[in-house]
Amino acid sequence: MSQSSSIIVTGAAGFVGYHTALRLLARGERVIGVDSFNSYYDPALKEARAQALERQPGFVMHRLDLADAQGFGDLVRESGARRIVHLAAQAGVRYSLDNPFAYERSNLAGHLSVLEACRHNDIAHLVYASSSSVYGDRPLEGSGFRESDAAIMPVSLYAATKRSGELISQSYASLYGFPQSGLRFFTVYGPYGRPDMAYFSFTEKIMKGEPIEVYGEGRMARDFTFIEDIVDGILGVLDHPPQRGGHEIYNIGDSRPVGLMDMIRTLESALGRQADMVMRPMQPGDVTSTYADVTKLNRLCGYSPRITLEEGLPRFVRWWRDWRGL
């Protein structure tokens, strides 16, 4: 699906941004990547993603902090892009306990910069990343968390900034009319993933023979969603913008929650090693479970996740072994 104008992807050197940009390029789009390359986790991984993208025709990377509203606005104006996929953010619940202003800068000031650039440059559709964390700490029940459910009890600063972004986007859609779609991601995993995520850090420690800390004493559950399924949802939403002035929010998840202990057993099987586990209580800001109802996204674009954890984790492990040269 080739378009006359480029698509801007923020956070293009990040996990989800990298895979999204690759898929857009594969279907013939021209992609402008934006990333600040901060040091929240190993910058070498971000550089590797960027280099892989820069080898693709039709891609260019800009190193820019989105909190620089003037700089990002100039980039959008000069690019002529009419669609933006805004995936840049300061991620991580635990990091927010010690570094709150990193979240103010990336998730609030950065999001506002993007909205202002859209407002002044006739953007036809803004797709932006939110998070399942906005639902707060809830039990597994029914058919999952729905977009219409109240999201008013965030238990971490990270969650609060992502919910704030949704509310600010709603106000901009009402005031200025450009269509927006917010995506609540549920525990994304896969090749080129984030080293701070449990599945990634567990892999590193198990292979080094180090103990892993299992928080919530193993009683937590997550809706683990493979990166390819996430990108299917992102592109499906991108291709189906709301009406002028519309602002829609969609869950993107696997809709099959898996217990933390089951995830660890699947990872042990993929690695061919057993984990030495140290049970810990829940950490501040963490939630017991996540569970996506994806009915709304399915109705929009036929979204239906395909990759189970039993298939996805071994695919991650194969990538990880290659990444580490093992």
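Tutor: Helices here are DSSP runs of H or I with at least four residues, numbered from the N terminus. Please keep in mind throughout that this is a predicted model.

Student: In which helix does Thr 295 lie, and is Thr 295 buried or partly exposed?

Tutor: With helices numbered from the N terminus, the run covering residues 295–301 is helix 10, and Thr 295 lies in that run. Buried means under 20% relative accessible area and exposed means over 50%. Thr 295 has 36% relative accessibility and therefore counts as partly exposed. The names asked for are thus helix 10 and partly exposed.

Student: What distance separates the C-alpha atoms of Thr 295 and Val 93?

Tutor: Along the chain, Thr 295 and Val 93 are 202 residues apart.

Student: How are helix 1 and helix 2 oriented relative to each other?

Tutor: Two packed helices are described by the angle between their axes and the distance between the axes. For helix 1 (residues 15–26) and helix 2 (residues 43–54), the axes come within 10 Å and the crossing angle is roughly 10 degrees. Since angles under 35 degrees count as roughly parallel, the orientation of helix 1 to helix 2 is roughly parallel.

Student: Which residues make that contact between helix 1 and helix 2, and how do they divide by class?

Tutor: Helix 1 contributes Phe 15, Tyr 18, Ala 21, Leu 22 and Leu 25, while helix 2 contributes Arg 49, Ala 52 and Leu 53. By class, the residues of this contact between helix 1 and helix 2 are seven nonpolar, no polar and one charged.

Student: At what angle does helix 1 pack against helix 8, and what is the hand of the crossing?

Tutor: The axes of helix 1 and helix 8 (residues 227–238) are 10 Å apart, and the packing angle is about 60 degrees. Among the residues that meet are Phe 15, His 19 and Arg 23 in helix 1, and Glu 228, Val 231 and Leu 235 in helix 8. The contact of helix 1 with helix 8 holds nine nonpolar, two polar and three charged residues. The values asked for are an angle of about 60 degrees and a crossing that is right-handed.

Student: What are the orientation and the hand of the pair formed by helix 5 and helix 6?

Tutor: Helix 5 (residues 100–120) and helix 6 (residues 157–176) have axes 10 Å apart and pack at an angle of about 15 degrees. As angles under 35 degrees count as roughly parallel, helix 5 and helix 6 are roughly parallel to each other. Helix 5 passes helix 6 in a crossing that is right-handed.

Student: Which residues does Ser 169 contact, leaving aside neighbours within four places in sequence?

Tutor: Ser 169 lies in helix 6, and at 0% relative accessibility Ser 169 counts as buried. Leaving aside neighbours within four places in sequence, the contacts of Ser 169 are His 111, Leu 115, Tyr 128, Gln 180 and His 247.

Student: Where is Phe 37, and what is its phi?

Tutor: Most residues other than glycine have a negative phi. Phe 37 sits in the loop between strand 2 (31–35) and helix 2, and is buried, with a relative accessible area of 13%. Its phi is positive, at a value near 55 degrees.

Student: What phi does Thr 187 take, and where is Thr 187 found?

Tutor: Thr 187 is found in the loop between strand 6 (180–185) and strand 7. With a relative accessible area of 17%, under the 20% limit, Thr 187 is buried. Phi of Thr 187 is positive, near 35 degrees.

Student: Is Arg 138 buried or exposed, and which residues does Arg 138 touch?

Tutor: Arg 138 lies in the loop between strand 5 (125–131) and helix 6. Its relative accessible area is 17%, so Arg 138 is buried. Not counting residues up to four places away in sequence, Arg 138 touches Phe 145, Asp 149 and Ser 289.

Terms used
Residues numbered from 1 in each chain as written. Predicted model: local features only at pLDDT ≥ 70, side-chain atom pairs only at ≥ 80, totals over all residues. Heavy atoms only, no water. Axes fitted to C-alpha atoms, helices over the stretch in contact; angles between N-to-C directions. Helix = DSSP H or I, 4+ residues; strand = E, 2+ residues; numbered from the N terminus. Parallel < 35°, antiparallel > 145°, perpendicular 65-115°, else oblique. Contact = heavy atoms within 4.5 Å. Nonpolar A, V, L, I, M, F, W, Y, C, P; charged D, E, K, R; others polar. Left-handed = near helix turned anticlockwise from the far one by under 90°. Buried < 20%, exposed > 50% of the residue type's maximum accessible area, 1.4 Å probe, protein only.
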